[in-house]
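Please read the report below alongside the sequence and the 3D view. Each heading takes up one topic.

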Amino acid sequence: MPEITLSQAVNQAIAEEMRRDSNVFLIGEDVAEAGTPFKVTSGLVEEFSTERVIDTPISEPGFMGLAVGAAMTGSRPIVDLMFGDFLFLVMDQLCNQAAKIHYMSGGKLNVPLVLRTNLGATRRSAAQHSQSLHALVAHVPGLKVAMPSSAYEAKGLLKTAIRDNNPVVIFEDKLMYQDKAFVPDEEYLLPFGEAAILKEGSDVTLIGTSSMRQVCERAAILLDKDGINAEVIDPRTIVPLDENTILNSVKKTSRAIVVDEGHQNFGTTAEIASRISEKAFYYLDAPVIRMGAMDVPIPFSPVLEDLTVPTAERVAENARKIVSGELVHAL
Amino acid sequence: MPYEIKMPQLGMNQDSATIVTWLKNEGDGVNKGDPVFEVETDKATMEVEAQASGYLSAIQVELGVEVPVGNLIATIVENKKDVLKSIQEPYSDDKNQSVADDGSKIEHETITEKSNEVTPEIGDLSFKIDTNSKDLSKKTGFSPNEKVLASPKAKVIAAERGLDMRRLIARGLKEPIHSADIMGLQSGEQSQLMAVVQDRLLLELIQTSEDIDKGNIFASFLLGSWHFLFPDKFLHVQINKLDGSVSLFKEDILPDEGAEEVIVSIINLCDTRLFSYSSGQNGNVLSVSHSNDTFILNFSFNVADIKLQEAAFLLNELAERVEDPIRQLI
């Protein structure tokens with residue numbers, strides 16, 4: 001099993017699906033010759049030509065709308081949105097059109113579209129290029145939201161997304177493009193709505209999305225030294241969310257910390273934490289802790305920026321508090 | 001069956017409306033299709049027609065008050081004698097008749113007056129409820145607002161095992177209580193000791209006064225034994241009666257801060273044929289029964305609270321005091 005980067009995994013997934021299905025095409029800013037700023041799509045234009053790897057003008061609403069129309073009429077576009085922050089520009093095309101057309105047409109039309117974009121701070125890109133806005137689209141019924149946490153998930157989830165007959169937004173962490181993971185030679189798909197238990201434990205459940213999975217895994221190693229056995233879960237997709245895996249884990253451990261890089265207020269952590277509180281309340285031995293990004297525009301100053309996102313140390317610190325039975329009202 | 005007039009939906013996005021004029025009075029005959037009242041929505045004012053024939057009855061809403069769509073406004077009844085003034089009002093034929101003959105404005109005033117009359121009644125009722133709940137809290141002996149800080153899981157386990165959180169706290173458990181604290185308690189197992197004691201001297205002593213309660217005697221003997229043996233630990237003695245009531249045996253000395261506290265319940269079975277009692281809870285219970293010229297002291301205790309050796313000393317000392325009450329005075 002070869003070890004490849006997340007960037008290569010995404011590239012492979014797109015290439016394999018484009019070879020398999022001639023209706024699949026890639027569209028976005030700088031996807032062809034430049035291969036995106038993160039070099040994710042490099043080489044695809046050589047194989048599939050500019051007919052199927054389409055560079056667009058700098059007009060996100062324009063190419064997003066075009067892709068929605070193409071999807072409605074039989075194509076399977078993969079839209080590359082250079083930064084997750086640009087989601088605000090395509091809100092109408094994505095949320096009012098793509099998400100609702102199947103419903104509004106009485107089921108006669110499908111929008112088999114994949115919007116690939118990214119999230120994640122600490123890349124020194126300042127407030128307008130560092131946001132993690134997945135909760136924003138997860139809020140809209142009709143959109144599926146996948147959040148790969150390594151090269152393995154990135155490839156498997158993207159291939160599933162491309163084959164899905166409904167719009168899917170997939171968020172890759174821009175800091176993880178060069179991170180390597182083992183990926184099988186043979187073809188594989190990862191189903192939506194199936195969380196992965198990365199480490200089994202008995203004392204506290206750490207739920208981490210995207211790169212926060214690694215944060216949780218590192219926190220689990222720190223906690224292990226203190227004799228605290230943490231279970232680590234990666235939901236993989238937040239819409240649909242694999243509630244059962246999370247609830248079963250919390251019923252076992254009685255404690256949970258939800259870690260996500262989106263802003264904490266009204267965010268993914270709030271949604272998952274409230275489902276735990278609602279559905280596993282009588283199993284809880286401590287308040288469910290949310291850890292999201294600080295509710296501020298992501299600072300440009302590296303020192304300040306690093307403070308805004310959850311770290312393994314802070315996750316471990318909170319876990320120690322709730323496992324020791326400290327009276328915790330707010331952390 | 002009276003026909004119910006409800007606030008109609010008059011526009012797509014309208015969810016409430018205000019009645020501005022009544023076109024019929026309570027008791028008036030109405031035909032299906034007759035306009036009954038005028039409503040004002042945020043867009044327009046329009047008349048609402050009766051959907052049934054009969055007599056207008058039991059108007060529920062005041063003029064000028066916003067009423068949600070679907071809310072009951074009034075009813076249409078088949079017979080004039082069924083006409084009601086309002087739901088709160090007791091039915092009175094004469095009253096209805098006289099008001100029904102009045103004009104609409106006067107009638108509206110009458111209704112306002114009536115609702116004023118009703119208010120004190122409601123006030124009385126809520127006052128009664130208040131006093132009831134006060135009595136209740138007096139009976140149970142604790143305020144229902146006294147919250148125990150415990151996790152949901154800890155509460156579930158405590159409930160499953162019939163443990164009272166307040167009692168656990170009195171036994172020295174620190175808040176917030178977590179499941180592990182309760183599981184820990186469970187590991188403290190329940191043990192039992194029994195002593196049989198001659199009754200002669202104590203009964204002689206008790207006979208000198210009619211109104212001495214045996215439960216209180218044993219409680220004070222138990223306290224005396226405890227202080228004699230374990231001056232550093234504080235004992236609360238509570239007296240459980242067979243009717244389920246629980247009272248704390250009064251003690252002037254209060255525990256020192258940080259002193260270990262133990263609760264022992266005494267249950268007096270002397271005047272019954274009952275022999276021994278052990279609680280479903282993991283507490284410490286001393287049951288005292290009487291038969292064949294002897295007192296039987298049955299001490300069921302939690303080893304997490306009282307060690308076997310301590311319990312043995314305690315019961316032995318208590319038995320000696322019962323047998324020879326003079327010891328209690330020394």
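Arg124(A) is found in the loop between β5 (114–119) and α6 (134–138) of chain A. Helices (H or I, at least four residues) and strands (E, at least two) are DSSP runs, numbered from the N terminus. This is a predicted model, in which local features need pLDDT of at least 70 and side-chain atom pairs count only at pLDDT 80 or more, while totals for chains, interfaces and linings use all residues. Residues are numbered from 1 along each chain as its sequence is written, chains are lettered from A and ligands numbered from 1 in the order in which they are written, and side-chain values use heavy atoms, with hydrogens and water left out.

Most residues other than glycine have a negative phi, and most peptide bonds are trans. Arg124(A) is not a glycine, yet has a positive phi of about 60°. Its relative accessibility is 34%, so Arg124(A) counts as partly exposed. Buried means under 20% relative accessible area, exposed over 50%, and partly exposed in between (1.4 Å probe, protein chains only). Ala126(A) also lies in the loop between β5 and α6 of chain A. Ala126(A) has a positive phi of about 70° although it is not a glycine, and at 23% relative accessibility it counts as partly exposed.

## Cis peptide bonds

In chain A, Val239(A) and Pro240(A) are joined by a cis peptide bond with omega about -5°. Pro240(A) is in the loop between β12 (237–239) and α9 (243–253) of chain A.

In chain B, the peptide bond from Glu175(B) to Pro176(B) is cis, and omega is near -5°. Pro176(B) is placed in the loop between α4 (165–170) and α5 (179–187) of chain B.

Strand β4 (residues 76–80) of chain A has five of its five residues buried, so it is largely enclosed by the rest of the structure. Arg76(A), Ile78(A) and Asp80(A) are buried on one side of β4(A), and Pro77(A) and Val79(A) are buried on the other.

Two strands pair if DSSP finds at least two bridges between them. Strand β2 (residues 24–28) of chain A pairs with β4(A) in the parallel sense over five bridges, and Gly28(A) stands opposite Asp80(A). β4(A) and β5(A) also run parallel, joined by three bridges. Here Asp80(A) stands opposite Arg116(A) in β5(A).

Strand β13 (residues 256–263) and strand β14 of chain A pair in the parallel sense over four bridges. Val258(A) stands opposite Arg290(A) in β14(A). Strand β14 (residues 289–293) of chain A has four of its five residues buried. Together, β13(A), helix α10 (residues 268–279) of chain A and β14(A) make a right-handed β-α-β unit. A crossover is right-handed if, with the strands pointing away from the viewer, the path from the first strand over the helix to the second runs clockwise.

How many of the 15 residues of α1(A) are buried? The count is 11 of the 15, so α1(A) is largely enclosed by the rest of the structure. Among the buried residues are Leu6(A), Val10(A), Ile14(A) and Met18(A). Helix α1 (residues 6–20) of chain A should span 21 Å at 1.5 Å a residue, and its end C-alpha atoms are 21 Å apart, which agrees. The expected span of a helix is 1.5 Å times one less than its number of residues.

## An open sheet in chain B

Four strands of chain B form an open sheet in the order β1-β8-β6-β3, with antiparallel pairing. The edges are β1 (3–6) and β3 (29–30), each with a single partner strand, so one side of each is left without a neighbour in the sheet. β3(B) pairs with strand β6 (residues 54–57) of chain B in the antiparallel sense over two bridges, and Gly29(B) stands opposite Tyr55(B) in β6(B).

## Aromatic rings

Rings of Phe, Tyr and Trp (its six-membered ring) pair if their centres lie within 6.5 Å; planes under 30 degrees apart count as stacked, over 60 as edge-to-face and the rest as tilted. This gives nine aromatic pairs over all chains. Trp226(B) and Phe230(B) have ring centres 4.8 Å apart and planes at 70°, so the pair is edge-to-face. Both Trp226(B) and Phe230(B) are buried. In chain A, ring pairs link Phe38(A), Phe83(A), Phe86(A) and Tyr177(A) into a cluster.
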